[in-house]
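Me: I would like to go through this structure term by term, setting each value against the definition behind it. Please take the questions as they come.

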Amino acid sequence: MAEDRSDSGFYIGYSSLPRRHRVFLVVAVPLAIAGMLVGALGLAMAQPAWGDGFWETGDAREFRGTLSLEPYPMLHVEGAGVGDSYLLVEMGKFGAGDRFADLEGIDGATVAIRGRELRRDGRRMIEIDPGSGEGDDPVSVLPSDKPAVRIRSAVDEGGDVVTIAGEIVDSKCYLGAMKPGAGRGHKACATLCVSGGIPPVLVVRDGEAGEGAVSYLLLTDAAGRGLRGSGLEAIEPMIAEGIEVRGRLGRAGSWRTLRLEPGQFD
Amino acid sequence: MTNRFVWVSWNRHKRVYDAVLGLAMLAFLAVFVMGSVVFAENGVDPMVVLIRATGTLGLVMLHLILCIGPLSRFTDRVAPLLYNRRHFGVAMFCVGLVHAGLVLLYYGGFGNTDPVSAVLLSGRSFGSLGAFPYEMLGFAALVILFVMAATSHDFWLDLLSPGVWKWIHMSVYAAYPLLVGHVAIGVLAVDGADAFGSAWTWVLGAGVVCVVTLHLVAGLRELTRDEMGSTVIEADEVAPERVGWITVGSVDDIPEGRAKVVCLGGGVGGAGDGAKRGERVAVFRDKGRISAVTNVCAHQGGPLGEGKIVDGCVTCPWHGYQFQADSGLSPPPYTDRIATYQVRVDGRTVYLDPRALAPGTRVEPAFFEASPEDERLFEDVEVDRADSSIDRSVDLPGDQSVGTDAGGDAEDGSSHGPVETGF
């Protein structure tokens, strides 16, 4: 009995496609692609929640309030509720400390700042608009009849040293610059941000710090000042990992703070 | 096969292959992105979605690429998928490169240090799963895939020699576990408890099981075949010159126009004097003639024994490279050559001298007396050849279709056969 021609074709790439190969390809390739697409949809749907961080888009707007530089640059805006203290950061992965470092009399002054808001769970931040060039300063000092009130450091609440479990994040990404702005996958970014001056925050997800489901604790040194130099380097390896830290609870504006006990990361 | 350089020796199959591949890749990315956007409650981070989409697509592509090889050991129906696998591989590398570029830009950029060290050095401990620098695994795999993609063109195949080239391209088996580790640690260790981690566990686990199982089964099958081997003649009073030769079997064991592959040393009595143990020889049967050549194609090491006689030439099942069965030479003007072996037929029993002759050495084929059944097979194969031989209407590169029956898919720039070399 003669061999079925359609079943004996030998595939050569530069030749015509034998029927048996064509039949196989017409069935198998669409099936494989369909399977891949279903898998893609399944994996996309299974992604964890992206978080409810918010980052304002569009034109920058003006915020007015009192500026303080310690522990980290903040703008205190009256009447804004829980989030009436806005952390201030620059564009990219940089804090705003350098902008104000050499400006005499800026600490405690009433200022207008042009920027875009980030917020999450009532915590707020302003990314200062970079300005359009020479002479376009996004920060301007406003005349005020009130005396400047300088906040030198986080206010100690006077409690004992507490041990709190959480994750150190960079406040900018966590509040909305990136989603997700936490976790091991975000570690490189968070470390860059913190080393660039973005205020580090301990996010406590089990309510240990007494503020409901999620607590935000700005990390400061034992004296309540912003972490810099060796103090900053000590926490950098711990960023984006689940850790326990010891410190004293305090407050800076509407932000709660944690004054880190010295030497615990040595 | 080619005799002048072109970047890509396109033909219709490659165009269709690449078009389908490209559309499938775009569809995958589109579905992942749309699925992320539509089902997110509070809005997504577009860059993170792209990072995840490209990473997922790259890994899926790598699994498919790795499965094509062993699948082709079970059925030649996947030969069209194997044919243009290099383009598949380079496309997969490009997807991985985009993934890595987005990671470097987004997570490592806009800061006070260089993005590469910011990302690669963010993990702090090889001893802790949660702090393991899994980014390094992905980077190492990307370097391997880059070397493979950069040397995938036949220019490098010619320059480096097929053996070195093949060795380089086998390093995909080093890249694969690195990428599995990259994903397993990067996704599962971090998000393992949630639905994303759980879904990835299933997908990655199924992929690894599939790749490993296919390779193991294909390998075992190959080993089993090799062990069947052949018998070395230790004494032959009738034909003493054949002592040291091996018995291949009956001509009836060899399908017309096809080959039986013999593994030297796989059977009784070792490989035979002067033979290379473990080497495979393809013994072809073609219209009453028996010829033997190495099983390894001079192009990319394809299994010639799974090929077919087309237009009188042994034709490789991978890329259609052709060699004359009696000389191991590619038909003019090609210059490739493969090793040949001496064969004899007594009655219907085939004997093989296991000592390889220099590539391109002409050997007189052994003839056997064709039975009526054989004659019928010849006719069937003739019909089949008319069906499967080179289609001159297809878009062959350059002057490939002029003056030769030998085609070929060479993508190198120099020596191979009638036409051009490319990719």
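Me: What makes β7(B) and strand β8 of chain B a pair, and in which sense do they pair?

Reply: Two strands count as paired if DSSP finds at least two bridges between them, and β7(B) and β8(B) (residues 313–315) pair over 3 bridges, in the antiparallel sense. Within this pairing, B:Ile309 stands opposite B:Val314 in β8(B). The model is a predicted one, in which local features need pLDDT of at least 70 and side-chain atom pairs count only at pLDDT 80 or more, whereas totals for chains, interfaces and linings use all residues. Residues are numbered from 1 along each chain as its sequence is written, and chains are lettered from A in the order in which they are written.

Me: Why are β7 and β9 of chain B called edge strands?

Reply: The open sheet has 3 strands in the order β7-β8-β9 (chain B), with antiparallel pairing, and β7 (308–310) and β9 (322–324) each pair on one side only. Neighbouring strands of this sheet are turned by 40° against each other on average, direction ignored. Strands here are DSSP runs of E with at least two residues, and helices are runs of H or I with at least four, numbered from the N terminus.

Me: Why is α1(A) called roughly parallel to α1(B)?

Reply: α1(A) and α1(B) (residues 12–39) pack at an angle of about 25°, with their axes 8 Å apart. Angles under 35 degrees count as roughly parallel, over 145 as roughly antiparallel, 65 to 115 as roughly perpendicular and the rest as oblique, and so α1(A) is roughly parallel to α1(B). The axes are lines fitted to C-alpha atoms, for helices over the stretch in contact, and angles run from 0 to 180 degrees between N-to-C directions.

Me: Which classes of residue make up the contact of α1(A) with α1(B)?

Reply: That contact has 16 nonpolar, 2 polar and no charged residues, where Ala, Val, Leu, Ile, Met, Phe, Trp, Tyr, Cys and Pro count as nonpolar, Asp, Glu, Lys and Arg as charged, and the others, Gly among them, as polar. The residues include A:Ile33 and A:Leu37 of α1(A), and B:Phe28 and B:Gly35 of α1(B).

Me: How many residues does each chain give to the contact?

Reply: Chain A gives 53 residues and chain B gives 63, two residues being in contact if their C-beta atoms, placed from the backbone, lie within 7 Å. On the side of chain A that touches chain B, α1(A) gives the most, with 15 residues.
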